[in-house]
Amino acid sequence: MVVTNNLNSVTSAVATVTVTNLAILSQPASVVASYASTATVSVSAVGAQPLFYQWWQNGGPIAGATNSTLTLWPLSAANTGSYFVVVFNNLASLASAVATITLSGPQVTLTQVNNGNVAASGYAYAGGSDIDDGSFICSGLMTVSNQQFLTYYGQHQTNPSYAYNGTIWIARRTVGSNDWEVFQTGFTPDNITDGHDVVAFGIDGSNYMHLSWGMHDQTLHYARSTAPISLSSDLGPAGMTGIETEVTYPQFMTLPDGDLLFLYRLGVSGGGNTWLNHWSLASQTWTNVNLIGGTPSPFIQGIWPSTNYNAYPNMPCLDANGNLYLAWTWRETPAYESNNKLLFGKSLNGGVNWHRFDGTPYDLPISQGSESGDLNSVAQVIVPIPQNYSLINQAGMCLDASNNPVIATWWAPGSPTNYQRQYMVVFPNTNGVWQTRQISFRTNDPPGTIELDAVVDALGRPVAVCDKQNRIIILYRDNFGSNGFTVAYTLPYAMDPQRTNWTTVNLTTDNLGNCEPVIDVAQWRRDNVMDIINHASDGEGYTDPDNTAPPIGVLEWNAAAYFDHHPALRFAFTNANQDAALSWNSQPGWGYQIQWSTNLVNWNTAATLNGVSGFSSQYVQTSGGAGPLRFWRLLAQQGGF
């Protein structure tokens with residue numbers, strides 16, 4: 001610059017002006033999300049390149065969070081709070097506005113399998129087959145003493161040439177720990193793209209693992225550990241009885257004395273027999289349970305000279321005495337549309353003899369009609385659901401506190417005028433009359449069209465459990481919503497013996513694709529803690545990541561703590577200290593009473609709030625801040641007051 005007057009001129013020093021153009025175009029937005037879900041906060045900025053980013057949480061920088069987008073998964077309480085990002089280049093820096101991440105819904109935790117090399121331990125094959133978490137896997141996740149075991153077809157996160165891709169991996173951890181051991185075997189399925197080729201295992205009374213896998217109407221794959229599984233992971237191929245030549249749906253059950261039962265089908269869909277084998281700890285041998293005329297026999301027969309069909313069992317159940325309960329549906333063709341009826345049988349001696357619900361004995365083998373010429377072999381129909389009612393096979397079953405079966409499944413109860421599929425629960429009342437309860441109200445199926453096999457995976461088959469207060473709790477994954485895990489639950493039996501009061505809550509909201517829930521039944525029975533295999537698979541808008549390898553882990557919902565609901569009451573003055581604002585963490589299906597007292601003896605009810613549907617509630621008492629000193633308390637009760 002030159003400055004001039006009438007007498008002289010002066011030239012200034014040279015100044016350099018640099019335009020950075022550093023500006024934030026879009027600020028991070030606050031997020032309210034579910035536990036164990038995914039949260040994303042992002043910023044859009046412009047300026048002289050290159051641009052750099054550093055995200056901060058609750059006043060501290062987040063290590064490694066140096067991109068314009070911050071993705072957090074799986075969310076836990078540690079992720080809540082305030083977030084902002086500092087955008088900078090070589091010339092300037094600029095801090096974004098503050099966004100918050102808040103969690104809502106039931107408190108669940110998700111622990112990914114990780115043995116220290118997560119890429120080679122914490123991912124599993126998915127595809128559209130849902131092979132690692134089909135609902136008919138009786139035991140893919142199991143707790144024995146203080147150890148939890150998980151079996152799956154492992155897949156490296158990114159490396160398609162990894163030597164152990166598509167082989168069975170066995171993960172083990174101490175209950176409650178985030179540290180896993182993972183043992184990679186050489187066992188492979190016949191067809192990893194076939195969802196029938198699941199992995200199932202049992203652990204006998206000597207803590208030896210029995211493993212069966214990878215079959216769809218094929219010769220048995222079976223291995224046993226060479227030492228107690230708590231000490232060793234070595235498994236060696238073995239055999240059973242020799243008749244297991246066209247096996248599908250292997251399921252192990254551990255009897256109270258430590259022996260095992262092995263339930264399986266020989267044959268094909270629309271034409272198969274249901275068999276039961278028994279493992280003896282004493283003799284260390286497998287035998288066929290059912291003998292007719294001294295010859296090994298199925299206990300449910302579907303292959304006859306005159307006709308063919310097969311039984312599809314729901315989840316088999318053992319009570320504390322080792323009594324075996326089984327419900328099933330019939331199918332006449334390979335298509336699920338031919339599924340029909342719900343049927344029932346019970347054995348008091350490990351599957352040797354079978355009875356109807358009223359105790360009358362069956363003649364074996366159990367059949368659909370009188371194909372054997374023996375009317376006493378005909379299966380007991382408990383719900384007469386016709387074909388073409390979209391009844392699903394191999395759904396859930398549990399026992400209530402009185403050892404009555406509770407069946408969870410789905411069909412279209414409005415057929416043939418409305419084909420929308422609904423989740424249904426079936427159980428006997430105190431008079432032995434079977435009841436049905438519709439617990440969903442789905443509207444996304446076309447009402448005038450039967451949904452065929454191509455879209456059967458839109459609904460995950462449900463799991464049923466009963467807790468120690470004799471609530472029924474149903475777990476499922478349903479595309480009528482976020483396609484995460486959902487639970488529907490009743491009141492305790494003493495409050496609602498007719499099971500008419502149901503509440504539905506989303507446990508998770510991330511899209512799980514075609515995943516179906518598989519739980520740790522042993523953990524549930526012991527602690528009323530629901531551990532679920534969490535592994536998405538291709539479908540329902542979810543696309544598998546690289547190498548067909550989504551992460552695999554265990555989602556845990558502590559139902560015992562959830563139902564032991566005693567929320568803390570938060571208090572604040574509002575309106576110039578004239579009003580009292582009270583808030584608390586609520587739960588759907590509960591009712592609340594807000595009460596006050598001036599002497600802690602006599603209590604007055606300020607308000608009763610029933611039918612609460614959310615996880616946060618508030619009540620404002622007008623003039624509650626004025627007048628005498630008041631004490632406040634909150635009463636909570638499931639079902640309301």
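Tutor: A polar contact is a pair of N or O atoms within 3.5 Å, where one must be able to donate a hydrogen and the other to accept it. Keep that handy, and remember that this is a predicted model.

Student: Okay, Arg421 then. What makes a polar contact with the side chain of Arg421?

Tutor: The side chain of Asp445 does, at 2.9 Å.

Student: Why is Arg421 called buried?

Tutor: Buried means under 20% relative accessible area, and Arg421 has 0%, so Arg421 is buried. You'll find Arg421 in the loop between strand 34 (405–411) and strand 35 (422–428). Leaving aside neighbours within four places in sequence, its contacts include Tyr336, Ser390, Trp410 and Glu451.

Student: Ser390 is on that list. What makes its backbone stand out?

Tutor: Its phi is positive, about 60 degrees, although Ser390 is not a glycine. Most residues other than glycine have a negative phi. Ser390 sits in the loop between strand 32 and strand 33 (396–399).

Student: Which peptide bond is cis at Pro74?

Tutor: The one joining Trp73 and Pro74, with omega about -10 degrees. Pro74 lies in the loop between strand 9 (69–72) and strand 10 (81–88). The bond from Leu364 to Pro365 is cis as well, with omega near 0 degrees. Most peptide bonds are trans.

Student: On to the sheet. How do you know that strand 45 and strand 46 pair?

Tutor: Pairing takes at least two bridges, and 5 bridges join strand 45 (residues 590–597) to strand 46, so they pair, running antiparallel. Trp596 stands opposite Asn604 in strand 46.

Student: In what order do the 3 strands form the open sheet, and why do some stand at the edges?

Tutor: The order is 46-45-48, with antiparallel pairing. Strand 46 (604–609) and strand 48 (631–638) each have a single partner strand, so one side of each is left without a neighbour in the sheet. The twist averages 20 degrees from one strand to the next.

Note on methods: Residues numbered from 1 in each chain as written. Predicted model: local features only at pLDDT ≥ 70, side-chain atom pairs only at ≥ 80, totals over all residues. Heavy atoms only, no water. Helix = DSSP H or I, 4+ residues; strand = E, 2+ residues; numbered from the N terminus. Axes fitted to C-alpha atoms, helices over the stretch in contact; angles between N-to-C directions. Buried < 20%, exposed > 50% of the residue type's maximum accessible area, 1.4 Å probe, protein only. Contact = heavy atoms within 4.5 Å.
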